[in-house]
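This briefing treats strand pairing, salt bridges, surface charge and backbone geometry in turn. Please consult the sequence and the coordinates alongside the text.

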Amino acid sequence: MLEVITLDSGIRLVLNSMDSVRSLSIGIWCNNGSVNENDDEQGISHFIEHMLFKGTKNRDHFQIVNEIDKLGGQMNAFTSKECTCFYVKCLDEHFYATAEVLTDMICNPTFPADELEKEKGVVIEEINMNSDDPDDVAFDILEDNVYHGMGMAHPVLGTKDTVSSFTHDKLDEYYFDHYTRDEIIVSIAGSFDRNEVIEYFEEKFYNLKEHRECATDKNVSATAAGGYIEVTKDIEQAHIAMGIRLFPAEDPRRYPMMLLCNLLGGGMSSRLMQNVRVKKGLAYSVYSMTGFYSHTGLFVICAGVAKDKVDEALGAIKEELDRLKGNDISTEEFQSSKEQLKSSFIFGQESVQNLMINNARNLLTYGRCITPSEILNMIDDITLDDINDVKKEICDYNNFNIINVTGNIYRYSHDQNEFHNCSKQI
């Protein structure tokens with residue numbers, strides 16, 4: 001059973017009970033991520049995510065993690081472009097104990113000064129680790145170009161300069177301005193007593209502000225022109241990420257695009273896999289994926305190829321994009337992709353943690369939870385005409401921003417609308 005309850009505090013509860021399990025997943029979500037940050041605040045949402053584990057008015061860092069470990073629970077958090085989540089998966093008998101730790105972290109953070117300075121070093125090392133991963137480098141540069149001029153271009157981790165500038169007062173002000181009751185969702189999936197959960201959370205979060213007053217920069221800039229950027233790193237393989245901006249999550253074309261993405265690069269029988277890897281032997285990994293947000297979206301093709309095979313691989317990818325311009329999608333291929341999409345969704349419904357995450361994301365994005373039957377019906381209702389309608393969004397190779405992490409570096413000048421060759425390596 002799935003239901004949404006708005007408490008007197010303004011907090012929204014998303015409850016999804018499952019009688020067949022003995023576990024539950026509790027997630028406390030805030031509608032806040034890197035898109036909410038000003039340029040000098042880049043990375044502050046992610047940094048606050050780290051700092052909430054470092055101490056509250058009632059617990060120090062060790063007490064927070066030890067209380068969950070003693071119960072056999074699994075605790076973690078993540079920050080994305082548009083939201084932050086703190087979650088625990090535990091046995092149903094430990095609901096109160098785990099919920100108490102989570103709510104204490106959200107309601108009573110102290111941002112201790114000694115931990116703050118240490119955590120700067122930790123996050124800077126996370127940024128360094130990200131810089132050492134060619135896939136992460138390619139994707140960060142891709143997003144910076146596709147979303148240029150938008151808050152969506154802000155890297156979730158921030159920069160070394162912005163992270164180094166964070167102070168206790170800056171964290172405290174940002175946190176209590178953005179983590180307000182109208183922007184918080186508690187999502188629970190698994191085995192629990194409905195009345196006990198409602199009673200527990202009814203009295204929580206009242207020390208947080210009722211409403212968020214600061215504006216979120218969700219402007220949508222002009223669509224970025226396609227281009228090619230090549231980046232030098234000391235690696236054995238070229239890592240390609242090529243992307244194009246899409247429509248936002250609420251657009252009804254979302255599910256047809258997801259089906260088309262799966263058909264193009266979602267599995268072993270997909271067109272990209274069969275042409276780039278199986279037929280031509282140019283890549284071990286090649287796939288496509290979509291990302292949808294409240295006000296924009298992204299379609300991406302990724303591949304890992306030999307340094308001297310980049311042009312051939314891009315040519316093979318272009319072949320498949322050009323094929324989409326025709327009407328050669330067979331009924332068999334279409335139905336196969338539809339069944340794969342449905343199976344992937346249904347498999348995800350069998351995990352309490354996936355349910356907790358999906359329900360909260362739906363509520364944040366759409367303002368309501370979408371039932372599994374609704375989603376399956378929307379997938380079933382997709383037609384070949386729907387696919388032919390959305391494929392024009394992605395089939396023009398020249399519209400893609402292409403990032404190749406392997407060779408000479410090119411910097412893009414948005415003011416002059418041209419690429420500049422640089423000898424600098426990163």
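Strand 11 (residues 401–406) has six of its six residues buried, so the rest of the structure largely encloses this strand. Buried here means under 20% relative accessible area, exposed means over 50%, and partly exposed lies in between (1.4 Å probe, protein chains only). Helices (H or I, at least four residues) and strands (E, at least two) are DSSP runs numbered from the N terminus. The model is predicted: local features need pLDDT of at least 70, side-chain atom pairs count only at pLDDT 80 or more, and totals for chains, interfaces and linings use all residues. Residues are numbered from 1 along each chain as its sequence is written, and side-chain values use heavy atoms, with hydrogens and water left out.

- Within strand 11, Asn401 stands opposite Gly227.
- Strand 8 (residues 237–246) runs antiparallel to strand 11 and is joined to it by five bridges.
- Ala241 stands opposite Ile403 of strand 11.

**Strand 5 and its partners**

- Strand 5 (residues 84–91) has six of its eight residues buried, so it too is largely enclosed by the rest of the structure.
- Strand 3 and strand 5 are paired in the antiparallel sense over eight bridges, and Ile28 stands opposite Phe86 in strand 5.
- Strand 4 (residues 74–79) is also antiparallel to strand 5, with six bridges joining them.
- Met75 stands opposite Val88 in strand 5.
- Four residues lie between strand 4 and strand 5, which form a hairpin.

**Salt bridges**

- The structure holds 23 salt bridges, each defined as a side-chain nitrogen of Lys or Arg within 4 Å of a carboxyl oxygen of Asp or Glu.
- Side chains of opposite charge can pair when their charged atoms come close.
- Arg59 and Glu67 meet through their side chains in a salt bridge (2.9 Å, N to O); Arg59 is buried at 13% relative accessibility, whereas Glu67 is partly exposed at 26%.
- Asp322 and Lys318 form a salt bridge whose closest N and O atoms are 2.9 Å apart.
- Asp322 and Lys318 are four residues apart in helix 11 (residues 310–324), which means that about one helical turn separates them.
- Asp322 is partly exposed with a relative accessible area of 29%, and Lys318 is partly exposed at 32%.
- Asp380 and Lys342 form a salt bridge through their side chains (3.0 Å, N to O).
- Because Asp380 lies in helix 14 (residues 372–380) and Lys342 in helix 12 (residues 331–348), the pair ties together parts that are 38 residues apart in sequence.
- Asp380 is partly exposed at 36% relative accessible area, whereas Lys342 is buried at 16%.
- Arg22, Asp92 and Glu93 are linked in a salt-bridge network.

**Surface charge**

- A patch of negative charge on the surface gathers Asp8, Asp193, Glu196, Glu199, Glu202 and Glu203.
- Patches consist of residues with over 30% relative accessible area and no salt bridge, with like charges joined within 9 Å and nonpolar side chains (Val, Leu, Ile, Met, Phe, Trp, Tyr) within 5 Å.
- Asp8 is placed in the loop between strand 1 (2–6) and strand 2 (12–17), and is exposed with a relative accessible area of 77%.

**Loop residues and backbone geometry**

- Asn31 lies in the loop between strand 3 (23–30) and helix 1 (44–51) and is buried, with a relative accessible area of 19%.
- Asn31 and His178 are 147 residues apart in sequence and 8.4 Å apart in space, C-alpha to C-alpha.
- Most residues other than glycine have a negative phi.
- Phe111 has a positive phi, near 45°; this residue is in the loop between helix 3 (95–107) and helix 4 (113–132) and is buried at 1% relative accessibility.
- Phe205, likewise not a glycine, has a positive phi of about 75°.
- Phe205 sits in the loop between helix 8 (194–202) and strand 7, and counts as buried at 1% relative accessibility.

Terms used:
Areas by Shrake-Rupley, 256 points an atom, 1.4 Å probe, with all protein chains shown as cover. Lys, Arg positive; Asp, Glu negative; His and termini not counted. Charge placed at Lys NZ, Arg CZ, Asp CG, Glu CD. Pairing = 2+ DSSP bridges.
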